[in-house]
Amino acid sequence: MGFNPLGQQTEYVSVYSPQLLFPIARAESRKLLNTVASLPFSGVDIWTGYELSWLDPKGKPVVAVAEFFIPCDSEFMIESKSFKLYLNSLNQSHYHSAAEVEELLARDLSAVARAMVRVQLYPLSSTQSSQWRAQPAHLLNTVTLDGVLLDDLSVSIDNYHPDPNLLTTADAIVSETLVSHLLKTNCPVTGQPDWASLVVRYTGKKIEHDSLLRYIVSFREHQDFHEHCVERIFSDIAAICKPTHLTVYARYTRRGGLDINPFRSSHAAEQPELLRLIRQ
């Protein structure tokens, strides 16, 4: 596979270069969660690309928004800087149609992830030619997350490193959706902050709301990839609170034209809602 661009000063390439894509094995992080042999969740990583462009056969630029769906059971995830560099490598390459680009992206990403990656491209204008899919409402309008917002709770916090022991439950059995916009994690190489809104949907013993908020905030100085952070949150809640049904969904803000939105659920039938938040 390609050269690892993490922490390196990198020259942007504008001619198609699939070798730029750099895989990261999911198994390394999952060893710490004891989930390598059998995943306790199903899910997908939803990437949205806002800076995709190429040239048509006459040399005129085409621009698009892309959605990428990488299954969580893929052997590899894709390092985000290498993903950005790869997308930029299309800038001066010629393609006959959006469908051709879509097929190319799906083929290259699937090869690196070693799983079937789905790609959908959308125009920036609803008046563009019929070769395009119509742009869905979730890319046109921002929404708010449905659920009980935790962020206004009056809590004292002094722990900014992940601690599952912060989580507590009551005896009542409930089904509820809890939301926080206070999740912050950090890039494990550059230390740059990554901001996210988090949805926790579960059935089981009632998770004490103040304890979940403290737990979410405890990731504030934690360094790890988006996907790993969500899987750790899922695993900690599952181990400590023991819900019968659990879904964890993070919508991260974009960096370099890409946002990453990991979704993990104990029920394979549950699918992520495609949406766009105000910070996205």
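**Cavity**

I searched the whole structure for cavities and found one of 30 Å³ or more. A cavity here is a set of points on a 1 Å grid over the protein atoms alone where a 1.4 Å probe fits but cannot get out, and lining residues have an atom within 4 Å of a point. This is a predicted model, where local features need pLDDT of at least 70 and side-chain atom pairs count only at pLDDT 80 or more, while totals for chains, interfaces and linings use all residues. Residues are numbered from 1 along each chain as its sequence is written, and side-chain values use heavy atoms, with hydrogens and water left out.

How big is the volume of the largest cavity? I get about 60 Å³, taking volume as the space filled by probe spheres set on the points, which are joined across faces, edges and corners.

Next I listed the lining: G49, Y50, E51, L52, K84, L87, N88, G256, G257 and L258. My helices (H or I, at least four residues) and strands (E, at least two) are DSSP runs, numbered from the N terminus.

By class, I noted four nonpolar, four polar and two charged lining residues. For this I counted Ala, Val, Leu, Ile, Met, Phe, Trp, Tyr, Cys and Pro as nonpolar, Asp, Glu, Lys and Arg as charged, and the others, Gly among them, as polar.

**Sheet**

Which order do the strands take in the open sheet of eight? I read it as β5-β3-β2-β10-β9-β8-β7-β6, with mixed pairing. Two strands pair if DSSP finds at least two bridges between them. The edge strands, β5 and β6 (148–149), each pair on one side only.

I then looked at β2 and β3, which are antiparallel and share ten bridges. T48 sits opposite E67 in β3.

Strand β9 (residues 245–252) got a closer look. Seven of its eight residues are buried, so the rest of the structure largely encloses β9. Buried means under 20% relative accessible area, exposed over 50%, and partly exposed in between (1.4 Å probe, protein chains only).

β9 runs antiparallel to β8 (residues 193–207), with eight bridges joining them. It also pairs with β10 (residues 258–265), again antiparallel, over three bridges. I could follow T247 both ways: R201 stands opposite T247, and in β10 its bridge partner is S265.

The hairpin of β9 and β10 has five residues between the strands, and there G256 takes a positive phi near 65°.

**Cores**

Which residues have the most contacts inside the largest nonpolar core? They are W54, F68, L105 and L121, in a core of 31 residues. A nonpolar core is a set of buried Ala, Val, Leu, Ile, Met, Phe, Trp, Tyr and Cys residues joined through side-chain atoms within 4.5 Å. β2, β3 (61–71), α2, α3 (98–113), β5 (118–122) and β10 each supply at least two residues of this core, and α3 gives the most, with eight.

I picked F68 and left aside its neighbours within four places in sequence; its contacts (heavy atoms within 4.5 Å) include W47, F83, L105 and L258.

There is also a second, separate core of 27 residues, which includes L178, L183, A196 and I233.

Notes: 1 Å grid on protein atoms, 1.4 Å probe; cavity = no way out; pocket = protein on both sides within 12 Å on 5 of 7 lines; lining within 4 Å.
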